[in-house]
Amino acid sequence: MIPQPSEFSIAIWKRFTRHRGAIIGMVIISLIILLCIFAFLSPFNPEKSSLAEKLLPPSPAHLLGTDALGRDLLTRILYGGRISLTVGGIAVAISLLIGVPIGALAGYYGGKIDSILMRITDAFLSLPSFLVLILLAAILREVELPIFQRNSVLTISLVIGALSWMTFARLVRAAFLTLREMDYVSASRALGASDRRIMLGHILPNGIGVVIVEATLQLGYAIIQEAGLSFLNFGIQQPTPSWGNLIYAAQSHFTKYPWLAIFPGIAIFLTIVSVNYIGDGLRDAFDPYKVMEKVGEWT
Amino acid sequence: MTAYIFRRLLQTVGLLFFLSVILFGLVNAAPGGPITAYAGRRPRPEKIAQLKRQFGLDQPLPTQYLYWLIGNDWTTIDSNGDGIKDSAGLRKGVLRGDFGFSYRTRKPVLEEIQSRLPNTVYLMSVTMLVALLIAIPLGVYSAVKQYSSFDFFATTFSFAGQAIPEFWLGLIFIIVFYAWLKNPWTGEPLLPSGGISSLGSEFSLSDRLAHLILPVVTGMLGWIAWYSRFIRSSLLEILPLNYLRSARARGLTERTVVLKHALSNALIPIVTLIALDLPYIFTGAVLTETVFAWPGMGRLYYQAAIDRDYPLLLAVLIIGAAFIILCNLIADILYAYLDPRVRYE
C-alpha cells in the first residue's frame, strides 16, 4: 500500500524534525542562503578595489576586515557564497541528470543494457576522481566552447557533476531492481502502462528517498570539490570570488593577515556541516527501521 | 575462487584498456602541450610544425596511441622534425614499462614518479596508520556507549571532521604553529610550515618528525571521522546479535564480549574499506601536499597540470586507476576470505 503523497510527506517531515542536528543545519543553511541572496544590500562593492583601505583587520566598519585590494571581506564571502552554492547545486543537478536515467534503465531492463551501463559506471568509479577533476579543469581552461566558457560557473559544475553521478546510478539501479518485481508494477503493466510511465510514474517515486538523501550529501561534496579546485586556481577565477579562490588568494600573506584565510573556510565548514546533518536527518526520516532502532533492546 | 580471480583480472585488463583510450583521447584533444612549452610565447608556424613532427604529434591520434601503448622502436620516426623519417623510434611503450618523457624536465616519466613516490607513501601511510589507531578505539567506545555524551561528542566530531576542507585546516595549523607559537628556548617557530625536512641540514629524526606532524594531523582528521563512524555503525549492527547474548550469558565480561567476539566481526568491513582506500597511498593528497610544500605525487601531478605535462598526467592517472581496480579486487577477495558466508562464483 502506498500512502497518499501528502500523508507520506507529512510523516517524513515529522520524522525529519525529530532530528536535532538536521533542524540546526536547516536554520544555519537558510541563514547562509539568505545572507548570500541579500549580499547586494552590503554598502561595499565585491570587485572594486580601494587601495587606501587594504588589509585592514576586522573592525566595526569592515566586520571581517579587507583584502589585499581593500575590498570588504564579508561582502566578498557573501558574493562568493552565491558562486559556491550555485556550483554545488548545478553540479548535483548534472549528476542527477546523468546518474538517475542510467540507474533506472539498467535496473529496469537488466540483461545486456544493465551490464553495459554498469561497466561504464565501474570505469568511472575506478578513476582517481580529484585528479581527473584537475585534468578536466586544466583542459577546459584551454578550449573555447560556446556555452561552457573558461572557468565559468557552468563549466566547473559540469566537470564536478560529470565525475560524481556514479552513486546515483548505483542507488537507483538497486531500487529499480527490487521495485520492478513488485505486484503493483506487474498490475500497471497488465493494465497496459508503457515502460516510460511505469519507470517515471510508479517506480521512481518509491525510490526517491535514497536519491534525495544522496543528493544532499553530494551537494556538500560538490561544494568542497569546487573549493579544492579553486584553491588550486583551476576553478573560478579572480576577481569573481568563490569560497575556494578566496582562500587561494589569501595564501600569499595569510600568516600576517590570518583573517583572510580563516573566514572563508568557516563559511565552507558551516555549510558542509549543515548539509551533512540535513542529509543524516533525511536518511533517518526516509528509513522506517531507524525509528525502531532507538527503542531496541540493547542499550 | 581461482576462476573468479582470473575472470576479474581479465576484466581489469579490459577496463584499463578502455580507460587508457579515453584518457589518452582527452589529454591529446587539448591544445597546448609541449608546443607552448618549447616554442616560446609567439612561435612561428614553421617552428610549431617542426616541433609537432619531432614529438610525433603530426601523426593521427590512433597512431599516437599505438606508439604510446606499444612503443615506436619498430618503425622510423622524424627525430629532428625536418619532414623526413630518418631514424628508429626510441619509445618502448607503456606495455613495456615506458611511459615516455616528461615535457617539462625531459626526464623519463617513471623516473619522475619514482623520485616522488616514496615521499607520498611515507606521508600517507603514517597518516592512515595514526588515523586508524585513533579511529578504532573511538568508534568502539562510541558504539558501546551509544547515546552517551561521549558518543554525542564523537559523532559531532566526526561530522565536523568530514566537513573541514583539509587545505584550509592546513593553513590554520600553519598560522597557529608556525606564525603564532614559538619554541620557548630558541624563539623559532614551533613547527616548520612545510617541506619534508630542513633544507641543507643533515638527516635528523627530530627534524623529520617536526616536518611530519602538521601534514599528518591535517590529513588524518578526515580519515578518523570516516573510519570511526564506520566502525561505530558496524559494531552497532553486531552488538544486539544472539551469539553475543549467549557469550554474555556464559559469564564472559563485557570487555571480552566486545573486544574479542564483537570486534573481530565488526572489523571485517573495515578491513575491506582500508583496502579500498589504499590507492591514496599512491596518488597522495594533492591539497595537503600543496599546502605543506610536500614533495610528493600530489604536487607532482598538480605541477604537471599547470605545465600541461601530458605524458606525466597520463601516467599518474593510468597507474592510479590500476591501483584502484586492483585494490577493489583485493577488497573483494579479503571479504570472502574473512567472512565465510560470502561466496563468489
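Predicted model: local features only at pLDDT ≥ 70, side-chain atom pairs only at ≥ 80, totals over all residues.
Local features need pLDDT of at least 70 and side-chain atom pairs count only at pLDDT 80 or more, while totals for chains, interfaces and linings use all residues; side-chain values use heavy atoms, without hydrogens and water. Residues are numbered from 1 along each chain as its sequence is written, and chains are lettered from A, ligands numbered from 1, in the order in which they are written.

The contact (heavy atoms within 4.5 Å) takes 53 residues from chain B and 44 residues from chain A. The two chains bury about 4,100 Å² between them, 78% of it on carbon and sulfur atoms. Buried area is the accessible area (1.4 Å probe) that two parts lose on being put together, summed over both.

One salt bridge crosses this interface. A salt bridge is a side-chain nitrogen of Lys or Arg within 4 Å of a carboxyl oxygen of Asp or Glu. A:Asp280 pairs with B:Arg229, and their closest N and O atoms are 3.8 Å apart. Over all chains, the search finds 13 salt bridges. Among them, A:Asp114 meets A:Arg173 at 2.7 Å, N to O. This pair links distant parts of the chain, 59 residues apart: A:Asp114 lies in helix α4 (residues 111-125) of chain A and A:Arg173 in helix α7 (residues 166-179) of chain A. Helices (H or I, at least four residues) and strands (E, at least two) are DSSP runs, numbered from the N terminus.

Empty space was then examined. Rolling a probe the size of a water molecule over the atoms shows where empty space is left. On a 1 Å grid over the protein atoms alone, a cavity is a set of points where a 1.4 Å probe fits but cannot get out; a pocket is an open set with protein on both sides within 12 Å along at least five of seven lines; lining residues have an atom within 4 Å of a point. Grid points are joined across faces, edges and corners, and a volume is the space filled by probe spheres set on the points.

The structure holds one cavity of 30 Å³ or more. The largest cavity has about 50 Å³ of space. Its lining includes B:Ser158, B:Arg229 and B:Arg232. Helices α5, α6 and α8 (205-238) of chain B each supply at least two lining residues.

The second largest pocket has a volume of about 910 Å³. It is lined by 35 residues; B:Gln54, B:Phe55, B:Gly56, B:Arg91 and B:Phe101 lie nearest its centre.
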